[in-house]
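Here is a short report for a first look at one protein model. It covers a pocket, a helix and a sheet.

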Amino acid sequence: MPVESGNSAAARQAKQKRKSHSLSIRRTNSTEQDRPTGHREMLEGQDSKLPLSLRSNLLDLFGQIEREFENLYIENLELRREIDSLNERLAGEGQTVDGGDLTKGALKTKASHSTSQLSQKLKTTYKASTSKIVSSFKATTSRAVCQLVKEYVGHRDGIWDLAVTRTQPIVLGTASADHCAMLWSIETGRCLLKYAGHAGSVNSIKFHPTEQMALTASGDQTAHIWRYMVQLPLPQPTADISVSCDDDVDFSDKDEADAEADGVNECPTVRVATTTLKSHQGVVIAADWLVGGRQVVTASWDRAANLYEVETSELVHSLTGHDQELTHCCTHPTQRLVVTSSRDTTFRLWDFRDPSIHSVNVFQGHTDTVTSAVFTAGDNVVSGSDDRTVKVWDLKNMRSPIATIRTDSAVNRISVSATQRIIALPHDNRQVRLFDMTGVRLARLPRSNRQGHRRMVCCSVWNEENQACNLFTCGFDRQAIGWNINIPVLLQEK
């Protein structure tokens, strides 16, 4: 009687496995065909307020879903069997896959050329992943340190925007959905002045470059220019709350208190604007001063941005072209340039350096709403989007971004430090991340129920005049927070 060879016995065994598996699949399918009828008879006997036709459709859909999951489970089992058989083949041919050997050199190979290629790929992947792990450990040896300096509490609704004055006295301004804008002492956290001249949500606040004037944009379809006079109180000692920027202790949310902070009700209130700009037919979402402070630009949900003369309130230009609502506008710190962003996934660069003509360039670098686009102190534009990316552009060559930052949440109104060239990214998921201009992550602000924001972070702004409190953030948890960000030189140079 002839004796079977090892290869033919293995082939026969694999054939029997496939045959038994196909039989099990047919047996399972035949069982599945009988199952919906039993389910339907059982469930139709139960009391339900749903119509019979709707219940029947639901049962059919649930039956299809169950069959799909069962088929996937069967395919998964078959793939596991094939992997096991391949491992047995490799072991029979003398192949060994050992993690220790991968770090020393090539795998031990006694088989075909294809097997050696597989070994080389495994070795390359192992080395690449190991190098990434090592580099990540090196990057965290000098971690940035964040100090929560002060919380500014007093608004009755979410805070959309904030700004810091450019002239003395240096104060913080906040714009809120409670129809008010407030000025705060940075050192003490006390409200110094409240502006209550708008009839809608205050969506934006910006300060005049040289005078004590503020520009606010509102949901009442207007922008207001109003003057302020404040006197700073004596500073009070603050508690030292220093933590690493990568700490992320997530607890349950605090109960939101409706009570205002001490002193908010007693602070002076301004109710009349010096100048009212009202040419828009929709919500005015943002506004900013052009260099010199003689003109302002406003962005609206009516798909247009308007350029006004401050002294006469005259509409100089209506900047049209966006296909959907505008989300933000920003002016260059030293040149007559304006950038507007929109829900149409684009942002536009408007050039007013030549008084006789103005040009416009359209940039399509995002796939979702562009929430903000801002100028830097150099020749760059940084844009953030709901597509969870931030892109850095060179004004001299705007055909493609020079850096792209990918995140795990939508990005709101960003800001860039003029001195350190650090981008602060506020997110929908309550986080605030810091990146350099090349796209390297530097830090993440703490986020817990003890400190940090408890709701969406709407905006961030850098304070170049005060190193003790050099970053401010605000969110829909009704508070603004002042931070001291200490970025080690090693991280800035990396």
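## Pocket, helix and sheet

The lining of the largest pocket divides into 20 nonpolar, nine polar and seven charged residues. Nonpolar covers Ala, Val, Leu, Ile, Met, Phe, Trp, Tyr, Cys and Pro; charged covers Asp, Glu, Lys and Arg; the others, Gly among them, are polar. This is a predicted model: local features need pLDDT of at least 70, side-chain atom pairs count only at pLDDT 80 or more, and totals for chains, interfaces and linings use all residues. Residues are numbered from 1 along each chain as its sequence is written, and side-chain values use heavy atoms, without hydrogens and water.

The largest pocket holds about 910 Å³ of space. Its lining has 36 residues, and Arg166, Lys206, Val416, Val461 and Trp462 lie nearest the centre.

Now the helix. Why does the span of helix H2 agree with its number of residues? At 1.5 Å a residue, the 41 residues of H2 (52–92) should span 60 Å, and the end C-alpha atoms are 60 Å apart. Arg55, Leu59, Gly63, Ile74 and Glu78 are buried in H2 (under 20% relative accessible area, 1.4 Å probe, protein chains only).

Last, the sheet. Four strands form an open sheet in the order E24-E25-E26-E27, with antiparallel pairing. E24 and E27 (441–444) are the edge strands, each pairing on one side only. Strand E26 (432–436) pairs with E27 over three bridges (pairing needs at least two DSSP bridges). Arg433 stands opposite Arg444 in E27.

How values were computed. 1 Å grid on protein atoms, 1.4 Å probe; cavity = no way out; pocket = protein on both sides within 12 Å on 5 of 7 lines; lining within 4 Å. Points joined across faces, edges and corners; volume = space filled by probe spheres on them. Helix = DSSP H or I, 4+ residues; strand = E, 2+ residues; numbered from the N terminus. Expected span 1.5 Å × (residues − 1). Buried < 20%, exposed > 50% of the residue type's maximum accessible area, 1.4 Å probe, protein only.
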